[in-house]
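Please open the model in your viewer and keep the selection tool at hand. The stops below are meant to be taken in order.

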Amino acid sequence: MHKRYVNHCTLCLTLKPDGPVLIKAGKEGADPTKPDMEFVETYHGGGRTVYFPGSSLKGAIRAHAERIVRTVGSDRRPEGGGFKLWASDPLDQKANQWLEKIEEPHQVYALSSFTDQMFGNTAIASRVRIEDAYPKPGTPLRLEERNGVAIDRVFGSVAVGLGPFSYQVCVEGSFQTKIHLKNFTLAQLGLLGLALRDLDEGWFGIGFAKSRGMGTVRVEYEWATVDYPGCLVDEANRQIRLLGSPLTWPQGSLLGAGEFLTPEEAGKYGFPKPDCQAVPVGAEPMPLGFGARLTWDQTSEAKVEHLLATAVNSWAKLLQAEAKAV
């Protein structure tokens, strides 16, 4: 399916530290005036600044998404064609080696775990892309240096030779990023929405020392779009029309990847079909007048939470269908 582009969702959101956050730089710098553990920095907006790497965000979100799947599904590959909702073992580095020997792409996708289908493995590419989160223009950052020591687990006192050390944290600011999901099913978008909800709730964090209460952030949505690049908007009939095909849908339709495929193609990949939800947002032409786009914006009545809640409904239906299949 990476050879085709049937749908694409973009979520624009802001992450705000809800306490100290530290995404550590890989190596200790040579400047003796800086703390032992520095925040990762890069050049952006004409100067040097701290930021949240997209890889750090993706790793934390993927790990939590896998927890959700293992909780309601399984942590082992199913036998036969029954229960399909499962997540692979991240500690088993050779778990997907056998998939690399399969030549048919649809078989590799269909045999991968639910989360691998979203985030990729050694045999298939990821459908989720998370951009680096940079400080939002006009919003000042507050960085501070803290000191710590290691505590001996036997005596409860300071461990000899393991401290004190200093580290840099960000305690205030706004970091803007975008999350992209392409060729997705509505259940996959729903799982992503649940992971972002739990990140906002503080159920998991990002970066260093999460078990000590660091790394929690608040998630504030700004806008979201769902694009259908191969479709046109038929304003006269208030429909979305797939080019080169007789397929049409109502103008306010949230469509999963399976909707754009024939039943045979969808079946080979394991895409659900039908995979459509009605939404109170009408599709509009994309820039240059080609393609269809649905937009959710926090400044309008159609908020991003409504999009994610609709997708979570499809996630719930998937669980109910899988439960009946057991």
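This is a predicted model: local features need pLDDT of at least 70, side-chain atom pairs count only at pLDDT 80 or more; totals for chains, interfaces and linings use all residues.

Residues are numbered from 1 along each chain as its sequence is written, and side-chain values use heavy atoms, with hydrogens and water left out.

**The sheet**

Select β10, β11 and β12, which form, in that order, an open sheet of 3 strands with antiparallel pairing (strands are DSSP runs of E of at least two residues, helices runs of H or I of at least four, both numbered from the N terminus; two strands pair if DSSP finds at least two bridges between them). Because β10 (231-234) and β12 (248-250) each have a single partner strand, they stand at the edges, and one side of each is left without a neighbour in the sheet. Now select β11 (residues 239-242), which pairs with β12 in the antiparallel sense over 3 bridges, and look for Q239, which stands opposite P250 in β12.

E265 is partly exposed, with a relative accessible area of 27% (buried means under 20%, exposed over 50%, and partly exposed in between, with a 1.4 Å probe and protein chains only).

**The loop**

Finish with I151, which lies in the loop between β6 (142-148) and β7 (165-172).
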